[in-house]
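Thanks, everyone; I would like to take a few minutes on one model, starting from the whole chain and ending at one part of its surface.

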Amino acid sequence: MLKNRAIVLGSLFILLVACGLRIYYMQFKSEAHMDEILSIVLSEYNEYGWTKPFDTNRIWNAKQMQEATLWNDSTLRGALSDVGNLWRNNRDDPHTNLYYSLFRLWHIGFVHTDSQSTFYRGMSLNFVFLFCAFYFAFLIARRIFGQNYFVLFFLSLAFLNPASISNTLFMRPYALQEATFLGFCYCLLKIFDFFVKRSFHKPFFLVSSHSIKKYLALWSGFVFMLFVGCIVFSFFTKESREAQLIAHSITLQEDKTYLLEGKMVFANHLFRSHEPYVILQSDVDSLHLTFTPLSIAQEENARYIRFVTHEVIQVGENIGSLLYTLSVSYKLYFALAIIYILGCICIYFFDFLSYEVLLLSVPTALLLLSGYFASIFVVMIFAVATLWAYKIHKSKRHTLFFIGSLVWALILTTLLYPRYLLAFRGYRSQEVGDKLSVDYLLSHCVENFKIFCHILISNLSWSIIIAIFIGIVITIFYALKYRTHLKHYLIQVPFALIFGICASLWAFGVIYIAPYKDLRYIMSVFPLLCLLPTYTGVIIYRIFTQYTHKYAPQYVIGGGLIVIYAFVCIWSVIPMDNKKITTLQYSNHIAEKYHQIPHIHTFAFMQNGVFFSSLIVPYLPDTYNMQFVNSCDDLTNFVVTYGEIEWITDEQSHCPLHSYEVSPFYHIGTIRSMIVRLKGKPLVDNQHRILESKNKKE
């Protein structure tokens, strides 16, 4: 009893130390990675900062740009609306909606554009994930190592290392993923405990094999009728139909003309555009308009037509009509086939639905939603678990338990985020596919392995790596020594070794296929990696106590050796300065000193505003004003009018500057800023401006 209480108190002390280290290093976070700012843009479902460029022909101050791109709606209704939009489409294919939705709900009642307050509020959610992760890690350690002090050793390694601290100080889904990794592994351990019970896996609904066949037949008949209905529908779509055009949006252009976007309104909700399954083909030649346009252009979305006109038209006004036809795409039949297959799988595994399946499928779904790379770990663990179930139980129901749980987890994942499976055909999945080629493997395998080892050594230590290696070597030695009982030995392999090795393989695989060879993609799995050095400590302790118990009590030699081992390992991972915290090393935003110069007029011409919104806008002082323009045409007028301007542009927007005196100001990402002045009038040195401004302030 006293030992259990000491372990609990020791765990709480480690949690306090872990929180203290994170709070201490929080003060050094004055800058954020651009993806952290995009977390806010996407969670708030802002258009500015993502797809919508800043309006031209108006003066924007820094406060207005920050309110447009950062937190700007503190109401519960606004938060729920944004969560609904994220559920439909989070606009970020490489990630799911889970973190963005939680991040958005966390900021109910909060509206602030100050960067430091924004960072602290965002990182505070990661502390909630930290508490959840620590709780699951404590339960896992007690289940694997028992009621002994190895629990404290594991918790210290898992949450005091630089990678775990970096994770908490990074406003991205990886802290959530850390908690879901540990929650998934704990629930898996609970399933293994239940597996030997007779009452294991009793279904909620008893369905006979005859009933399953009947339901499959009914489902097949229903889908067949839908298939026939689609074929019949395709014959009626060839007929030309009339649609009304209404004014959807109107923009006043620089040449005093109006850019009018017309939207088609259909009389029948069935015979209309249903992209990408029913494709609209509009007949522009059949247009009947209530005004005379200067030009007509068909947009990529056939439902919209763009006009240029001198006439003043109100939004929502009926501006004409035109004819259109429809065509049924092969994607509709393909979608029906997928729905049919998924329905058959659900019916087949319906009688697999039990308490244990829910216990495993819910954390599995959350882990899948924490990030797409997590699916690799899930498949790996479920493959090992299925093999283990086959070794333990030969029955079909027990063998298919983990496969059935995975099926229900995928169903739950799709319900929580309907676009989940669509990301596997996105641009990131294509990049992964390219890296799975033999040529890439042969040319980059050594390089990726070096990067992986560098990340491990930088965020753990050489002593930890050596300890892991020793533990694996000892395990292999004992496996070979007792190879006559290898089948029995494999069943008894410690879960610490299984989880640790799977986590190591997963981390290396992610570094291999990740778009950037960066710590952030694998820092969520570091607590599981720390199971390996703890496992090494356990087997070293057992070996020494086994051979030295005749000469001294086990706590004298074995215990003393483990205390030294634990002290060396823990001391080697604790970061002593902020340079070891990777997520504090981002220094790619506009330096504050650049905005201490005397005010000059600023103009921006850029095609992509994402970099500008995430790298520059959050750090601008409130008094900073600027204007966005559509082209380079007015650059000369600006320079002549104001004498000297700051000109901001990106790599996609090139303007001829050979007739001006140009002094580079700063360069961040794809954004370039420069001071522009007519030739023959020398520029004042920028650094001189800064020093002069500081002297005036002093």
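Among contacts in the protein chain (heavy atoms within 4.5 Å) between residues at least 6 apart in sequence, 77% join residues at least 24 apart. This is a predicted model, in which local features need pLDDT of at least 70 and side-chain atom pairs count only at pLDDT 80 or more, while totals for chains, interfaces and linings use all residues. Residues are numbered from 1 along each chain as its sequence is written, and side-chain values use heavy atoms, with hydrogens and water left out.

Of the 698 residues of the protein chain, 49% count as buried, where buried means under 20% relative accessible area, exposed over 50%, and partly exposed in between, with a 1.4 Å probe and protein chains only. The chain has 26 helices and 12 strands, taken as DSSP runs (H or I, at least four residues, for helices; E, at least two, for strands) and numbered from the N terminus.

Let me turn to helix H10. H10 has 28 residues and reaches 41 Å from its first C-alpha to its last, close to the 40 Å expected from 1.5 Å times one less than the number of residues. Its buried residues are Ser211, Ile212, Val223, Cys230, Phe233 and Ser234, and what covers them includes strand S4 (278-289), strand S7 (318-328) and helix H11 (330-348).

Phe227 also lies in H10, which runs over residues 209-236, but this residue is partly exposed, with a relative accessible area of 36%.
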